[in-house]
Amino acid sequence: MPLLEVQNLSKTYRQMGGDTTVAIGEISCKIEPGEFVSFVGPSGCGKTTLLMSIAGLIAPSAGQVIIHGKEVSGPPPNLVLVFQDFNKSLFAWRSVLGNVRFGLEARGHRWRQGEDKARSLIDLVGLKGFEDHYPWELSGGMQQRVAIARALAYEPEVLLMDEPFGSLDALTRLELEDTVLQLWEELRTTILFITHDIEEAVYLSDRILLLSQRPSRIIEELPIDFARPRNQVITRSQPRFMEIRNCIYQRIRNESALS
Amino acid sequence: MLFALLLLMWEFGSRLSPALQSYLPPVSRIFRSLAELVISGQLVSHLMITLSRFLQGYLLAASIAVILGIVLGYFRLAHSLFEAVIEFLRPMPSVAIIPVAVLLLGIGDAMIVAVTVYASVWPVLINTMDGVRHLERTLIDTGRTFALNRRKILWLVVLPAAAPYIVTGLRISLSIALILVTTAEMIAGSRGLGFFILDQERSMNSSNMYAGVILVSALGYVLNRLFVLGEGWAMQWRRGMLAQESV
């Protein structure tokens with residue numbers, strides 16, 4: 001049985017003037033445990049809506065999300081979403097250590113208990129030495145690392161990431177891609193990743209699900225079988241890498257042209 | 001510097017003009033009266049009474065207003081229910097409630113604390129509500145994605161995030177509470193600094209009256225200082241952030 005299943009999910013937003021926007025037309029997919037799956041699609045195709053629905057933060061208009069055989073109706077206890085806007089997501093009143101501890105507290109650990117675990121996670125995301133800093137003192141890339149560490153402190157089975165590197169510069173993005181892969185290899189969490197960066201998706205994933213323009217549906221599913229651990233130079237310089245990337249790019253362009 | 005100059009002008013102006021002295025006695029005489037009253041313990045007991053009423057009113061108001069403010073700020077339904085009442089009562093000058101309170105509670109501590117609570121609730125309530133309502137959706141969703149129940153989200157996310165707004169409200173209420181206590185004591189009290197000031201005025205004892213005024217001002221000043229200290233300690237995390245923004 002798959003870990004997570006999206007069944008005929010659709011979402012329609014009602015606007016102020018009475019107009020409706022169909023964000024998600026109909027999406028169905030199955031996610032196996034331990035997979036790294038990316039959703040790629042043009043801007044505005046409802047990727048965030050999809051992730052928020054899976055995370056139980058938004059109620060779908062139709063269809064359901066099933067995790068471990070149970071329907072999702074509100075944030076499920078074994079799943080965490082890492083937001084794109086880390087600035088608005090991190091807790092300004094807590095230090096780096098405090099933020100990561102939050103993940104442990106949410107898990108039910110008593111205050112003192114989790115300190116070691118928090119510190120090791122902070123080390124794992126490459127922020128050793130910054131435990132007592134506050135978010136505003138850190139760069140964007142570092143802040144997103146804190147958000148990731150906080151999410152992992154919760155020990156989720158499924159980690160959802162909504163364009164987590166979208167607002168970061170290109171070099172930081174590459175760094176963090178590798179950080180996420182390292183964490184994934186080590187912790188074997190299932191990851192659902194949203195990005196508009198095609199190459200990023202190809203680099204990171206086991207599988208890519210292509211979304212169409214609004215109202216979105218899955219138009220293609222591509223397995224990605226490059227050897228792991230992936231490498232920014234080796235993996236990306238394989239001819240097949242560019243082939244897949246171009247194929248996806250074409251597909252998306254065709255979709256955009258159709259609408 | 002300017003302050004010292006004004007005091008000197010007051011001192012000499014008063015000494016030189018006998019007509020002025022009855023309602024604007026020399027500064028030196030005022031301070032002498034102040035010293036005598038403090039030493040005799042008379043003024044200190046009034047001070048303690050005023051302080052006690054202030055603390056009761058302010059702390060009770062703060063507790064009620066923060067909790068109510070968070071509830072009304074967070075739950076849209078509650079907010080729309082109470083919005084009309086709040087908008088109607090808000091602009092009313094709180095001192096107008098004193099005669100009502102006297103009618104309902106007579107004169108004495110209960111009435112004075114009650115009007116203080118009433119007046120002090122408003123700034124904290126409004127600021128708390130505003131703070132909570134304007135919290136980033138992403139922040140709340142962050143609390144939600146960790147599968148926290150509502151109580152935990154309010155306590156661990158909403159309250160600390162809204163703290164700067166709450167503190168602003170608390171600071172405003174600090175002054176208002178003292179004003180209300182003093183005013184209520186003047187209008188319908190038999191003890192406390194407000195009463196003392198009015199009483200001395202009625203007895204044509206202007207030196208003592210000013211002494212009372214000075215003492216209540218000093219009280220206000222000290223309370224304010226203590227608040228700022230407390231705020232600095234509690235909001236440590238903000239100081240660095242604000243300092244950076246101002247660069």
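**View 1. Accessible surface and charges of chain B.** In this predicted model, chain B exposes about 13,400 Å², of which 69% is supplied by carbon and sulfur atoms. Its charged side chains number 18 positive and 13 negative. The centres of these two sets are 6 Å apart.

**View 2. Helices and overall extent of chain B.** Chain B contains 12 helices and 0 strands. Read from the N terminus, its elements follow the order α-α-α-α-α-α-α-α-α-α-α-α. Its radius of gyration is 22 Å, well over the 18 Å from the globule rule for 247 residues, so chain B is more spread out than a compact globule. Along the principal axes, its C-alpha atoms fill a box of roughly 75 × 50 × 30 Å.

**View 3. Burial and contacts in chain B.** Of the 247 residues, 45% count as buried. Among contacts in chain B with a separation of 6 or more, 72% are between residues 24 or more positions apart.

**View 4. The largest nonpolar core.** This core has 122 residues, and the members that touch the most others are Val202(A), Ile208(A) and Ile248(A). Helix α9 of chain B (residues 150-188) contributes the largest share, with 18 residues.

**View 5. Surroundings of Ile208(A).** Leaving aside residues up to four places away in sequence, Ile208(A) touches Val202(A) and Ile248(A), along with Ser38(A), Val40(A), Ala201(A), Glu220(A), Glu221(A), Leu222(A) and Ile224(A).

How values were computed
Residues numbered from 1 in each chain as written. Chains lettered and ligands numbered in written order. Predicted model: local features only at pLDDT ≥ 70, side-chain atom pairs only at ≥ 80, totals over all residues. Heavy atoms only, no water. Helix = DSSP H or I, 4+ residues; strand = E, 2+ residues; numbered from the N terminus. Rg over C-alpha atoms; globule rule 2.2 N^0.38 Å. Buried < 20%, exposed > 50% of the residue type's maximum accessible area, 1.4 Å probe, protein only. Contact = heavy atoms within 4.5 Å. Areas by Shrake-Rupley, 256 points an atom, 1.4 Å probe, with all protein chains shown as cover. Lys, Arg positive; Asp, Glu negative; His and termini not counted. Charge placed at Lys NZ, Arg CZ, Asp CG, Glu CD. Core = buried A, V, L, I, M, F, W, Y, C linked by side-chain atoms within 4.5 Å.
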